[in-house]
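Please open the model in a viewer and keep the selection tool at hand.

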Amino acid sequence: MSPDSPLAPRPAEPLSVPAFQDAILHKLVYAVGKDPEHAQDHDWFVATALVARDRIVERWMQSTRETYAERRKRVYYFSFEFLLGRLLHDALSNMGLADAARAALGGLGVDYERVRAVEPDAALGNGGLGRLAACFMESLATLGIPAHGYGIRYDHGIFRQAMKDGWQIELPESWLSGGNPWEFPRPEVSYVVGFGGHVDQVPGPDGQPRSVWHPAESVNAVAYDTPIPGWRGKHVNTLRLWSARADHPIVLEDFNRGDHVGALADRVRLEAISRVLYPSDETPAGHELRLRQEIFFSSASLQDLLRRHKAEHGDLRSLPDHVAIQLNDTHPAIAVPELMRLLVDENGFAWDEAWRITTSVFHYTNHTLLPEALEKWGVPLMQGLLPRHLQIIYLINAHHLDGLRASGRDDPALLAAVSLIEEDHARHVRMGNLAFIGSRRVNGVSALHTELMRKTVFRDLHGLYPERIVNKTNGITFRRWLFQANPGLTALLTEALGPSLLDDARPLQALPSLADDAAFRERFAAVRRANKVALAGVVLERCGVTVDPDALFDVQIKRVHEYKRQLLNLLDTIALHSEMRAFPTRPWVPRVKVFSGKAAAGYRQAKLIIKLANDIARVVNHDPALRGLLRVVFLPNYNVSLAEAVIPAADLSEQISTAGMEASGTGNMKLALNGALTIGTLDGANIEMRDHVGAENLFIFGLTAEQVAARRSRGLDMAEEIAASPALAEALDALQDGAFSPDDRSRYHDLVDGLRHRDYFMACADFDAYRSTQRRVAQLWLDRAQWWRCAVLNTAGMGWFSSDRTIAEYGRDIWGTAPRAS
């Protein structure tokens with residue numbers, strides 16, 4: 001393309017501070033409708049966001065025109081979650097407008113940081129799955145790869161976590177209550193998604209029978225678009241989220257008859273689809289709602305991309321040449337039979353050709369080896385809610401199994417293992433197997449996870465299709481997790497390594513030479529201390545606890561789950577508390593234990609672990625014998641914005657999952673990038689981090705995945721380990737006796753009993769190794785020069801873990817796309 005072409009990429013004209021001020025005031029008056037003399041922080045936020053959005057839209061439209069003109073292949077990223085976080089500073093930074101915005105607001109007497117803080121986090125995700133999707137969307141735009149993210153516009157997200165007497169309570173997240181200045185409603189982009197009903201067989205045009213689905217009810221999926229700018233605004237992609245809308249908002253006849261609630265019942269039931277992320281599936285209604293959500297966004301997204309493809313290319317036979325669909329975990333796996341339905345039933349394709357197209361465009365990322373996360377849907381539920389899809393799944397399965405038999409692979413055990421239908425007890429559809437069979441490539445998200453996929457959950461399918469599983473180790477966007485979250489460290493690194501670091505992580509390779517520079521280490525440590533002072537303020541505000549910024553900040557921030565082993569950390573905290581009381585004159589390292597994370601609404605054990613963290617915090621923080629040397633805090637309502645405060649202040653990063661159970665992790669990467677030292681098991685991406693950072697610069701402990709499997713094979717009773725560990729036995733006895741729950745001494749009886757006799761997650765088995773490793777941590781902390789040398793080397797070793805690298809690999813090896821040349 002000629003640089004003079006109207007389609008050639010051009011940077012937006014710089015916006016001067018006076019021009020920015022004028023633009024903000026114009027938006028404040030004419031879009032927000034507020035007099036500057038009476039405007040509140042939220043008004044200033046909306047006005048500033050609208051100014052930024054205008055600049056983004058210019059590049060958005062230009063990027064879209066370029067994609068159409070060049071007929072470039074598009075990536076469609078299907079994800080149940082997109083954990084975006086606040087977007088104002090992210091958008092301004094990527095567009096090169098952050099400094100101008102800060103100065104413009106300052107000149108108007110408005111504090112930029114205060115305005116940033118009033119923006120709510122978009123409640124569109126829960127944990128690593130959603131944050132990975134957000135990082136990937138930003139990297140796709142940064143690399144100039146045309147892409148759409150597809151998901152659900154949840155009105156209330158996962159939930160807002162609050163604490164009542166130390167227990168998690170779930171409150172609705174009200175992130176949309178003040179409007180969302182980043183999105184564009186698209187009421188004209190709406191698709192019908194059906195549920196229930198029956199399927200008829202009717203003669204087709206060729207005389208062959210064809211299936212016609214008659215849904216019993218339907219809902220409209222209405223699009224809302226958010227532009228996602230890449231670094232320096234060179235390319236902008238689209239996040240399209242679907243909101244559920246009933247055909248009839250009210251049954252007027254019932255309303256006029258006085259049944260004011262009943263008149264809205266159908267609308268409430270149908271529109272519940274986009275109300276809440278991960279509704280509890282403990283009830284049959286909750287279970288059904290989860291499946292409704294999955295088909296809702298999968299169907300709408302497929303209808304949308306097929307419409308776009310037909311408008312641009314005409315013939316759906318060329319879909320694989322222009323489209324790559326990435327399924328982010330098993331939630332969108334129902335898209336496989338839905339695409340078959342759309343091709344065969346709605347567009348008249350023969351089965352074999354439709355299957356060729358389907359298996360050429362889909363790719364599936366597996367994120368877990370946990371059986372409960374590889375979804376299975378009961379056949380009766382599928383029959384009642386999606387009868388045509390169940391027929392298609394049966395037919396896919398029949399062709400699949402018949403093909404294996406025809407090739408001589410007719411062992412009944414093998415066929416049962418690779419079937420899409422689980423026949424044990426009640427019959428279920430295996431969504432993991434469906435995603436695997438329907439995809440051209442299946443990828444794990446770390447080297448260990450991918451190898452375990454081949455050996456465990458997809459062992460038999462891997463044996464049949466040995467080329468299908470590939471590895472794509474996760475990454476993180478440095479723009480969010482270094483440049484924005486830690487501007488002090490960013491300034492230090494760019495001063496030392498040059499401004500090219502802002503565009504390319506490779507200059508970090510030169511950082512090890514500064515690890516032995518005492519002056520540089522001191523400046524590195526000074527940046528950390530400033531971040532710790534800031535976090536101490538957050539802790540005081542949210543928990544009412546004063547912490548010492550010169551203490552070791554020991555951080556475990558992640559979704560609360562037994563395999564992530566917050567419980568192991570808490571057991572060590574109990575043991576440390578006991579030892580500090582018993583030996584008060586030892587030179588103890590002051591330590592602040594920081595926990596944060598949400599437990600799924602129906603996950604009772606995880607909620608009990610949160611209660612235990614708060615019970616321990618209450619005892620420890622009020623124990624005068626400790627003289628403030630140990631503090632424990634649980635920061636409520638963990639989200640992206642809180643992570644941005646915690647991560648730059650962390651000294652020690654807890655990545656202590658049971659080996660073989662964490663797919664990758666990305667919190668480990670974010671913390672190490674900011675210079676935290678990792679204490680962790682050989683699990684997920686910890687292994688690759690060890691290889692890049694150096695084993696001597698982090699703390700590895702515990703059983704390996706193979707050793708975990710061997711220990712489980714001997715049973716889950718931990719009497720032998722407990723007998724060999726006086727500290728563990730004392731900690732368990734303290735819990736059993738109610739030392740941390742004087743108001744209910746039996747509160748932790750079942751938890752302790754499980755640890756003693758059913759320790760599937762190996763907390764007891766790894767306790768002594770973890771405890772001795774924590775002693776090594778304390779010893780290194782006392783050697784200031786060596787600690788900060790390791791911290792610098794952790795940051796230096798993280799360049800490979802950029803999501804730009806990950807996305808480039810997806811493009812090269814899976815999607816058949818390439819970054820736009822600079």
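Throughout this tour, a residue is called buried when its relative accessible area is under 20%, exposed when it is over 50%, and partly exposed in between (1.4 Å probe, protein chains only). The model is predicted: local features need pLDDT of at least 70, side-chain atom pairs count only at pLDDT 80 or more, and totals for chains, interfaces and linings use all residues. Residues are numbered from 1 along each chain as its sequence is written, and side-chain values use heavy atoms, with hydrogens and water left out.

**Stop 1**

Select Arg-74 and Glu-312. A salt bridge here is a side-chain nitrogen of Lys or Arg within 4 Å of a carboxyl oxygen of Asp or Glu; by this rule the count comes to 74. In the selected pair, the closest N and O atoms are 2.7 Å apart. Arg-74 belongs to strand 1 (residues 74–78) and Glu-312 to helix 9 (residues 284–313), so the bridge ties together parts that are 238 residues apart in sequence. Helices (H or I, at least four residues) and strands (E, at least two) are DSSP runs, numbered from the N terminus. Are the two partners buried or exposed? Arg-74 is buried, at 6% relative accessibility, and Glu-312 is buried as well, at 13%.

**Stop 2**

Move to helix 17 (residues 447–455), which holds both Arg-454 and Glu-451, three residues apart, about one turn of the helix. Their salt bridge has its closest N and O atoms 3.3 Å apart. Arg-454 is partly exposed at 24% relative accessible area, and Glu-451 is partly exposed at 33%.

**Stop 3: from a loop to helix 22**

Next, select Asp-623 and Arg-581, a salt-bridged pair whose closest N and O atoms are 2.7 Å apart. Asp-623 lies in the loop between helix 23 (604–621) and strand 19 (630–635), and Arg-581 lies in helix 22 (residues 566–582), so the pair ties together parts that are 42 residues apart in sequence. Asp-623 is buried at 12% relative accessibility, whereas Arg-581 is partly exposed at 45%.

**Stop 4: a network of salt bridges**

Remain at helix 22 and select Asp-572, which is found there. Asp-572 is linked with Asp-554, Glu-579, Arg-586, Arg-591, Lys-593, Glu-654 and Arg-771 in a network of salt bridges. What does Asp-572 touch, not counting residues up to four places away in sequence? With contact taken as heavy atoms within 4.5 Å, the list is Lys-593, Phe-767, Tyr-770, Arg-771 and Gln-774. Asp-572 is buried, with a relative accessible area of 3%.

**Stop 5: two crossing helices**

Show helix 31 (residues 767–782) and helix 32 (residues 784–796), whose axes come within 5 Å and cross at roughly 110 degrees. Helix 31 is therefore roughly perpendicular to helix 32, a term covering angles of 65 to 115 degrees. The contact is made by Val-777, Leu-780, Trp-781 and Leu-782 of helix 31 with Arg-784, Gln-786, Trp-787 and Cys-790 of helix 32. Axes are lines fitted to C-alpha atoms, for helices over the stretch in contact, and angles run from 0 to 180 degrees between N-to-C directions.

**Stop 6: a buried glutamate**

Finally, select Glu-338 in helix 11 (residues 335–346). Glu-338 is buried, at 1% relative accessibility. Leaving aside neighbours within four places in sequence, Glu-338 is in contact with Ile-295, Ser-299, Leu-302 and His-389.

Technical notes. Angles under 35 degrees count as roughly parallel, over 145 as roughly antiparallel, 65 to 115 as roughly perpendicular and the rest as oblique.
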